[in-house]
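Student: I have a protein to study and I would like to work through it by questions. Can we start?

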Amino acid sequence: MAVAGAGQRADPVGRRPKYHGIWVYLGWIVPVVNLWVPRGLVADVHRASAPDRRLPPVLNVWWALWLIGLLSGVGLFYEDSRDEVIARAYTDVWQLLVSDAAIVGAAVAAVFVVRAVTAVQGEHAAGGPVPAAADGSAAERV
């Protein structure tokens with residue numbers, strides 16, 4: 001998935017991306033801002049590659065699972081002694097399981113997000129829809 005930096009051009013429809021310049025990088029690491037900018041970046045790339053298509057539903061699944069995993073794990077981090085934190089990890093194991101399951105689900109969904117964006121970028125670069133191969137993946141043009 002290619003994302004241009006500070007010199008980001010407008011997409012084919014003529015809109016500038018919502019997030020561009022330094023936010024392409026900082027949006028992933030600045031606390032609180034990183035709760036929404038990465039999803040917006042991926043959505044911008046998809047919209048620029050296929051302005052006539054809706055965003056793939058897996059984009060929202062990926063982001064929701066990521067946020068659930070991120071926020072559900074926060075409850076284990078307190079200003080307690082190391083022993084109390086370890087004891088809480090044993091007593092609040094459900095919280096760890098929910099958080100870990102959501103993160104694993106987000107990782108799987110991220111694979112599908114990357115595939116969806118890569119497919120529309122391939123179609124855009126080829127000048128039209130790329131026919132599907134027999135195995136269901138996008139065939140490469142020669």
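Student: What share of the 142 residues in the protein is buried?
Tutor: This is a predicted model, and every value is computed from it. A residue counts as buried under 20% relative accessible area. Of the 142 residues in the protein, the buried ones make up 30%.

Student: How many helices and how many strands does the protein have?
Tutor: Read the elements from the N terminus on: they run α-α-α-α-α. That gives zero strands and five helices.

Student: What percentage of the contacts with a separation of 6 or more comes from residues 24 or more positions apart?
Tutor: Contact means heavy atoms within 4.5 Å. Take the contacts in the protein with a separation of 6 or more. Residues 24 or more positions apart account for 48%.

Student: How do H2 and H3 run relative to each other, roughly parallel or roughly antiparallel?
Tutor: H2 covers residues 37-49 and H3 covers residues 57-72. Their axes come within 10 Å and cross at roughly 165°. Angles over 145 degrees count as roughly antiparallel. H2 and H3 are therefore roughly antiparallel.

Student: Which residues of H3 meet H2, and what is the hand of the crossing?
Tutor: From H2 come Pro 38, Arg 39, Val 42 and Ala 43. They meet Leu 59, Asn 60, Trp 62 and Trp 63 in H3. By class, this contact of H2 with H3 has six nonpolar, one polar and one charged residues. The crossing of H2 past H3 is right-handed.

Student: How does H2 lie relative to H5, roughly parallel or roughly antiparallel?
Tutor: H5 spans residues 93-126. The axes of H2 and H5 come within 8 Å and cross at roughly 30°. An angle under 35 degrees counts as roughly parallel, so H2 and H5 are roughly parallel.

Student: Which residues of H5 meet H2?
Tutor: H2 passes H5 in a left-handed crossing. H2 brings Val 42, Val 45, His 46, Ala 48 and Ser 49. They meet Val 113, Val 117, Val 120, Gln 121 and His 124 in H5. The contact of H2 with H5 divides into six nonpolar, four polar and no charged residues.

Student: Is His 46 buried or exposed?
Tutor: His 46 sits in helix H2. Beyond its neighbours within four places in sequence, His 46 is in contact with Arg 53, Arg 54, Leu 55, Pro 56, Val 117 and Val 120. Its relative accessibility is 4%, so His 46 counts as buried.

Student: How far apart are the C-alpha atoms of Arg 47 and Val 120?
Tutor: Arg 47 is also placed in helix H2. At 35% relative accessibility, Arg 47 is partly exposed. Arg 47 and Val 120 are 73 residues apart along the chain. Their C-alpha atoms are separated by 9.3 Å.

Student: How do H3 and H5 run, roughly parallel or roughly antiparallel?
Tutor: The axes of H3 and H5 are 7 Å apart, at an angle of about 155°. That angle makes H3 and H5 roughly antiparallel.

Student: What classes of residue make the contact of H3 with H5?
Tutor: H3 passes H5 in a left-handed crossing. By class, the contact of H3 with H5 has 16 nonpolar, five polar and no charged residues.

Student: Which backbone oxygen does the side chain of Ser 72 reach at 2.7 Å?
Tutor: Ser 72 is in helix H3. Its relative accessible area is 15%, so Ser 72 is buried. A polar atom of its side chain lies 3.5 Å from the backbone oxygen of Gly 69. At 2.7 Å, the side chain of Ser 72 reaches the backbone oxygen of Ile 68.

Student: Which residues does Leu 35 touch, not counting those up to four places away in sequence?
Tutor: Leu 35 is in the loop between H1 and H2. At 28% relative accessibility, Leu 35 is partly exposed. Leu 35 and Trp 63 are 28 residues apart in sequence, yet 9.0 Å apart C-alpha to C-alpha. Leu 35 touches Trp 63, Leu 67 and Leu 70.

Note on methods. Residues are numbered from 1 along each chain as its sequence is written. This is a predicted model: local features need pLDDT of at least 70, side-chain atom pairs count only at pLDDT 80 or more; totals for chains, interfaces and linings use all residues. Side-chain values use heavy atoms; hydrogens and water are left out. Axes are lines fitted to C-alpha atoms, for helices over the stretch in contact, and angles run from 0 to 180 degrees between N-to-C directions. Helices (H or I, at least four residues) and strands (E, at least two) are DSSP runs, numbered from the N terminus. Angles under 35 degrees count as roughly parallel, over 145 as roughly antiparallel, 65 to 115 as roughly perpendicular and the rest as oblique. A crossing is left-handed if the near helix is turned anticlockwise from the far one by less than a right angle, and right-handed if clockwise. Ala, Val, Leu, Ile, Met, Phe, Trp, Tyr, Cys and Pro count as nonpolar, Asp, Glu, Lys and Arg as charged, and the others, Gly among them, as polar. Buried means under 20% relative accessible area, exposed over 50%, partly exposed in between (1.4 Å probe, protein chains only). A polar contact is a pair of N or O atoms within 3.5 Å; within protein, one must be able to donate a hydrogen and the other to accept it, and residues adjacent in sequence count only if both atoms are side-chain atoms.
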